[in-house]
Amino acid sequence: MLSIKNLHASIGDKEILKGINLEVKAGEIHAIMGPNGAGKSTLASIIAGNENYEVTAGEISLDGEDLSELAPEERAHKGVFLSFQYPVEIPGVSVTNFIRTAINETRKANGLEEMPAKDMLKVIREKSELLEIDRKFLSRSLNEGFSGGEKKRNEIFQMAMLEPKLAILDETDSGLDIDALRIVANGVNKLKSDKNAIVVITHYQRLLDYIVPDFVHVLYNGKIVKSGGKELAHELEEKGYDWIKQEQEA
Amino acid sequence: MSKYTEDDLKIELENKEYEYGFYTELESETFPIGLNEDIVRAISHKKGEPQWMTDWRLEAFRAWEQMTEPEWANVHYTKPDFQAISYYSAPKAVDPNKTLDDVDPELLEMYKKLGISVDEQKMMNNVAMDIVVDSVSVATTFKKTLGEKGIIFMSISEAIKEHPELVRKYLGTVVPQKDNFYAALNSAVFSDGSFCYIPKGVRCPMELSTYFRINQAGTGQFERTLLVADEGSYVSYLEGCTAPSRDENQLHAAVVELIALDDAEIKYSTVQNWYPGNKEGKGGVFNFVTKRGICEKNAKISWTQVETGSAITWKYPSVILKGDNSVGEFYSIAVTNNFQQADTGTKMIHLGKNSKSTIISKGISAGRSQNSYRGLVQISARADNARNFSQCDSLLMGNNCGAHTFPYIESKNPSAKIEHEATTSKIGEDQVFYCNQRGIPTEKAIALIVNGFSKEVLNKLPMEFAVEAQKLLEISLEGSVG
């Protein structure tokens, strides 16, 4: 589904990604781990099409289609979803209004009619129950005054609504207490199918107890330096990132 | 990357032409240019006014001659040559005795372009309209329905003839002839406008609406609106304005007076979309408007405005809170783009005890425009326990526009409570990217963000107007995003 080949990217003069290779197939969950500053969030942003970064070499494709010329919204229309590490506030725009606009713009781009209001409300009800979201929450301004946990839950709610092919969860566990973490992880697991794929970006192994990855990759200094099964996450937890650093610098 | 960026959008939108820029070929009767006592007399005569009205106009004219144009506003423009303007232009096809069916089909066509087909308005919207095209009121609907409740809603010219006692009693009581330069000019030469009287205890069953439009080249529009809500009555009044695009600047100097007697409530909503000039800042309407209301005991006046048009806007809808427990409100959205300049705000003059006022102002600036909020909150010595809350928020798009806030607070009573909050923000790239990532294209994202920003004020508009205003914001933003 997602294929990344020899991806190099920089911001200004600074090269952040130095040749990433990654293959993600439908039905798989991949975890990308690594110390701060390794380039994890940059990778997520670039897949989503953030133009603050310049792709200097390599390619990213989704189901064989090159994404590099596509605008962020076009990538979204093709099924790329990014759960942001720091979701922005949009005052005065309710959670409901925002997701309705997002869904209808996506449908429009794919040649579909707008979703009838009745259906929309039904789906919103279903998905908010899945993530144990209170009805009142839906009429609040997007992310304004939300706690860290509420923000992340709202991101996964949007993922549930949009049903993306490829979901990238960027540090979705940060700011979550253990209960919220469980709810969010359950939600993600229920959304998982053999048609879609999930890339989990995380600093800690904790989230991976709930969302169990098929593959774990370690990103260090702009490169994937180690890949393995879920046991790699435990090993990292035990030995710490210094282990990777020492190995790399040795 | 051949990406559609915010800059592309900015360019595309700046090139987008004014949507209402068509010009209807109506045979007009236009006065020679220039202003003197004879012209003032001729206007009054043309309209068949009684002597007291002619004298009232002349008094205003003589005062105006002695006055100079105000320069304190944060706007810069070449002053209009008041002797190069024609002060009266009436579409010839109009005969005030005829019914709507007899109205020039071209006029009706023009309403259609504006999306305000009178029939449609009648049938669908439950809105009574008094349409002012270049000064003469051409169609008044719903008169009968309103008549049954004793509500008077007609052009001010008619009212001067049919209800002289009411007009004489209230005209100029809130905005005196000599109030300011433009008000004096308006008092001397006003061509038409609306008059509305709601009798004691009557709740007006529908929104009353006036549509203003400047059509003829080189004419100024000077409407005069007088709205009286008698004791315990209620009325909601809507005013919409557009003008075709023209290279030269057109002058618009209106006066609106609202009188809310004891326990009465007036809600006055405006959507102003006069031609803003082209993207080089050429042409556009000079909008110099005096709007003021007075509240007697327990009365309430609420101004809501969406200002998206005009090259220059100079406008401060105000409330004199004369009666005890009276309430004044001002909700405003002002959008400026390209070279537009707006200096707008309100004055809340607290005279009565326990009087309360609320000011919510949302300024949105784009292009090279300048957007200023100017407000005065004045608490007099006898206004015990007066309260004011003001909130002024500015949203900037791009790096070449400006937002300014000039709040003046004068309190002479120690029991007053006055709060002022202000914020300035910029549409962030991160907000736009977030929307993009969810499949929302940049243009739509900006409309969404701006609508969210303006929501508190949009919510104050009557339903049918709110939808129109939201669309208008989107159109203006399409042309104003930077």
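Begin by selecting strand β1 (residues 2–11) and strand β2 (residues 14–24) of chain A, which pair in the antiparallel sense over 8 bridges; strands here are DSSP runs of E of at least two residues, helices are runs of H or I of at least four, both numbered from the N terminus, and two strands pair if DSSP finds at least two bridges between them. This is a predicted model, in which local features need pLDDT of at least 70, side-chain atom pairs count only at pLDDT 80 or more, and totals for chains, interfaces and linings use all residues. Residues are numbered from 1 along each chain as its sequence is written, chains are lettered from A and ligands numbered from 1 in the order in which they are written, and side-chain values use heavy atoms, without hydrogens and water.

Next, select the open sheet of chain A, whose 6 strands follow the order β6-β9-β10-β3-β11-β12 with mixed pairing. Its edges are β6 (80–83) and β12 (223–228) of chain A, each with a single partner strand, so one side of each has no neighbour in the sheet. Inside it, β3 (residues 29–33) and β10 (residues 197–202) of chain A run parallel and are joined by 5 bridges, with His30(A) opposite Val199(A) in β10(A).

Finally, select Phe98(A), which touches, among others, Leu142(A), Tyr434(B) and Leu448(B), not counting residues up to four places away in sequence; contact means heavy atoms within 4.5 Å.
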